[in-house]
Amino acid sequence: MNITHKISNWGDLHHPKILDIIRMLLGLFLVVKGFIFLNNAAYLRYLVIETGAIRKSPEIITALIYYVTYIHLLGGALIFLGLFTRLWALLQLPVVFGAVFFVNILSPFVNSELWLSVLVLALLFLFVIIGSGPLSLDRLLANIKLDDEKT
């Protein structure tokens, strides 16, 4: 058995239901953040271009903003539902890692959003390891599949 199966099995066995509520809140937070990015995409693009934070063409900056928005919206919704949670938490990690280490830390003043980003990063790491939990679509679909195999 390889290391990913060992981590998956350990995470499935050590998952209290309160973590499902935390997973749902994390997914909801990511969806809300995605909507905020979607509504402010033009302003974000302007800020990135004007500050020179990323020295790339405006088209690449626009694509990056929409990538982050898409990852937050779709990934947050699927994390909330508990469908492919490990995969979507893993896909969220580079985006949130970038927010922590390239956006929030470079802020010249005490940034309260830095702590929120660090918390989200830690929770994403946690859900990459422990997975969806008992209150998820993953578990529901696995139970339906097991029931079909028995009959």
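In the predicted model, 33% of the 151 residues of the protein chain count as buried. The accessible surface of the chain amounts to about 9700 Å², and carbon and sulfur atoms account for 73% of that area.

The secondary structure of the protein chain consists of seven helices and zero strands. Read from the N terminus, the order of elements is α-α-α-α-α-α-α. With regard to contacts in the chain at a separation of 6 or more, 73% are made by residues 24 or more positions apart.

The largest share is that of H2, with six residues.

Ile21 lies in helix H2, and its relative accessibility is 44%. Buried residues have under 20% relative accessible area and exposed residues over 50%; Ile21, at 44%, therefore counts as partly exposed. The value for Ile21 is also over the 30% relative accessible area required of patch residues.

Notes:
Residues numbered from 1 in each chain as written. Predicted model: local features only at pLDDT ≥ 70, side-chain atom pairs only at ≥ 80, totals over all residues. Heavy atoms only, no water. Helix = DSSP H or I, 4+ residues; strand = E, 2+ residues; numbered from the N terminus. Buried < 20%, exposed > 50% of the residue type's maximum accessible area, 1.4 Å probe, protein only. Contact = heavy atoms within 4.5 Å. Areas by Shrake-Rupley, 256 points an atom, 1.4 Å probe, with all protein chains shown as cover.
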